[in-house]
Amino acid sequence: MSIPERERPPTAEGEPVDTPGLSLDQLAYEWVRERIIDGTYKPGARIRERAVAEELGISRIPIREAFPRLESEGFIRSLPRRGAVVASLTVRDVNELYDVRGSLEVLATRLAAEQCGRGASAEILREILDEAERAVAANDGVLLSATNSRFHAAILTLSDNLLLQDLMAPILGRVNRLFYIVPESDQVNFHHEHAELYRAISSGQADLAAALAFAHVEHSRRDTIPVVQSLLDAADPPRPAGPRQVVRRTP
C-alpha cells in the first residue's frame, strides 16, 4: 500500500494519523513492508522504531506490534543488540519460494479456471492484460512488472478460496520483493504466457491452466536463480589469497 504524503501529515509522536478503517499496527506493517519490497530498505539495513514512528506520526507501540508479523513472513529478522533488520535473500530462500509458488499458484490458477467454468468472469484479467500490452508497446518495464504482479494477484482473487488467499498473501509480498531486486529479464515473454493463462482460465480449462501456471513458475525460476547467485557473488567476492610462503631448505 502506498501512503501519499498528504495522508501522513507531520504530527507529534504519539498523535494518531487519520487512517479510517486501518489500525495503526496494520498501517505500520504495510508501510514498512512496502519499503522492503520496493528496495527502500535494503537487505541487512536496520529498521529503527523511532524513525518509523516519526515518519508516520504515531507512537512506537503499533510499530512494535507490526514487527513480529513482518518477521513471521520473512521480511525482517530480530538480532541481538541490533534490533530489526531487513532479511537477506539467499539462493535457498528463492528456491523455496519457487517451490511454494509451484504448488499454491498452480492451485489458485486451477481454482480460478474452475470458477470461470461455473460462470465467473475473468474480465479483470483481460483488463490487466490490456494495460500490460500498452506497457509492452511503450517499452515501460516498470509498468509491465507492476501489471504482471497484479495479474497474479487477480488470479488468486478469482480462485475464490479465502484460505488460499490468506496463505498466499505473504508469498505474493516476497515475490514482489524478489522482482524489485531481480527484475524479470524476459518480461515480454512472461506477458505472452499470461495471455495464454488468461485464455485457459477464462474458458474454464482447469487442467490446461494449471499446466501453464506450473511452466510459467519454472520459467521464472530458471531465469531468476542465476541472477540471484551472481548478485550474491558480487556482494561477497572471494578474498584474494595471501602471499605465498616460500620454504627455504638448508643444504
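The report below takes up a helix and then a pocket.

## Helix α1: length and end

This is a predicted model, and the description begins with helix α1, which runs over residues 24-37. At 1.5 Å a residue, a helix of 14 residues should span 20 Å, and because the end C-alpha atoms of α1 are 20 Å apart, the model agrees with that expectation. The helix is followed by G39, a residue whose phi is positive, near 90°.

## Helix α1: burial

Helix α1 is mostly covered, with 11 of its 14 residues buried. The buried residues are L27, A28, Y29, E30, W31, V32, R33, E34, R35, I36 and I37, a list that includes E30, R33, E34 and R35 as well as W31. The cover over the buried residues of α1 includes the helices α2 (49-56), α3 (60-72) and α7 (162-181), together with the strands β1 (76-79) and β2 (83-86).

## The largest pocket

The largest pocket holds about 750 Å³ of space. It is lined by 34 residues, of which I37, S149, L172, N176 and Y180 are the closest to its centre; I37 is also one of the buried residues of α1.

The elements that give two or more residues to this lining are α1, α4 (91-117), α6 (141-159), α7 and α8 (187-202), and among these α6 gives the most, with nine residues. Sorted by class, the lining of the largest pocket has 13 nonpolar, 11 polar and 10 charged residues.

Conventions
Residues numbered from 1 in each chain as written. Predicted model: local features only at pLDDT ≥ 70, side-chain atom pairs only at ≥ 80, totals over all residues. Heavy atoms only, no water. Helix = DSSP H or I, 4+ residues; strand = E, 2+ residues; numbered from the N terminus. Expected span 1.5 Å × (residues − 1). Buried < 20%, exposed > 50% of the residue type's maximum accessible area, 1.4 Å probe, protein only. Contact = heavy atoms within 4.5 Å. 1 Å grid on protein atoms, 1.4 Å probe; cavity = no way out; pocket = protein on both sides within 12 Å on 5 of 7 lines; lining within 4 Å. Points joined across faces, edges and corners; volume = space filled by probe spheres on them. Nonpolar A, V, L, I, M, F, W, Y, C, P; charged D, E, K, R; others polar.
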